[in-house]
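Welcome, and please open your viewer. We will take a short walk through some charged side chains, one selection at a time.

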Amino acid sequence: MAHPTAGEEEYLETLYWLHEVELPLTAANVARAMLLSAPTVHEMVKRLEADGLISRDERKRISFTDRGLSVAENVVSRHRLVERFLTDVLGIPWHEVHEEAERMEHAMSPAIEEGMRLAIGTATTCPHGHPIAVGQRIPGAPLADVEVGATIQVLRFENEAEQVLHYLYGAGVQPGLKGTVTEHDDEHVTFEDAEGVAHRLTSSAAETVSVKADPSPPARVGLPAAVVLDQAAFGR
Ligand SMILES: [Zn+2]
């Protein structure tokens with residue numbers, strides 16, 4: 001069987017990411033997440049199906065074939081590994097590595113991959129908090145759901161769009177950061193970290209930040225649609 005193309009890997013990566021946040025695997029969600037038109041996505045979905053990487057039921061819901069899932073897991077894991085390598089070994093800021101990793105992840109030999117694994121040492125996540133060994137996600141809640149007075153620790157950023165990461169970087173938020181939610185209204189969530197620094201995020205940005213919270217808000221079924229890319233919602 002032919003090796004999947006870089007284009008196919010991109011789509012599988014997006015599908016895996018939807019699958020991880022428990023959003024429905026549909027062409028419409030893929031189109032929104034990749035900021036592509038419906039016809040473009042439709043063509044690629046047909047190709048992925050013809051190549052035996054996905055299947056679709058009568059309601060057009062997509063699922064991975066075994067082979068598709070293993071390709072997706074590999075590319076997602078490699079993406080996170082590359083990101084960690086770029087931040088920790090090359091010193092590139094974490095809000096700038098996602099796009100770079102997108103370019104590198106499809107063209108790496110196993111030897112380079114192995115070298116990177118050795119170079120990152122004991123790190124287990126990408127710089128945005130996602131497990132390099134896929135499937136090891138720590139359960140979390142959207143920061144947007146957390147009530148005032150709760151203590152939190154930032155787990156990960158669910159949306160790695162460049163603009164979103166720039167926004168979060170500017171707000172001084174990063175995975176691992178601990179704090180207490182001090183303010184929460186319709187438009188913003190603010191939390192204060194251990195040094196007393198306040199971090200204020202728009203509600204739409206707070207939707208994309210997964211945290212461990214105490215007390216923990218009631219669980220949602222999947223993550224909100226806001227997590228699927230809508231760049232217009234950010235950057236305020
Ligand atoms: Zn990442």
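Buried means under 20% relative accessible area, exposed means over 50%, and partly exposed lies in between (1.4 Å probe, protein chains only). This is a predicted model, where local features need pLDDT of at least 70, side-chain atom pairs count only at pLDDT 80 or more, and totals for chains, interfaces and linings use all residues. Residues are numbered from 1 along each chain as its sequence is written, and side-chain values use heavy atoms, leaving out hydrogens and water.

Side chains of opposite charge can pair when their charged atoms come close. A salt bridge here is a side-chain nitrogen of Lys or Arg within 4 Å of a carboxyl oxygen of Asp or Glu. By this rule there are nine salt bridges.

**First stop.** Select Glu43 and Lys46, whose closest N and O atoms are 3.5 Å apart in a salt bridge. They sit three residues apart in helix H3 (residues 38–50), about one helical turn; helices (H or I, at least four residues) and strands (E, at least two) are DSSP runs, numbered from the N terminus. Glu43 is partly exposed at 48%, and Lys46 is partly exposed at 39%.

**Next stop.** Now select Arg78 and Glu113, which form a salt bridge (3.5 Å, N to O). Arg78 lies in helix H4 (residues 66–88) and Glu113 in helix H6 (residues 110–119), so this pair ties together parts 35 residues apart in sequence. Are these two residues buried or exposed? Both Arg78 and Glu113 are buried.

**Last stop.** Select Glu158 and Arg137, joined by a salt bridge (3.1 Å, N to O). Glu158 is buried at 0% relative accessibility, while Arg137 is partly exposed at 22%.
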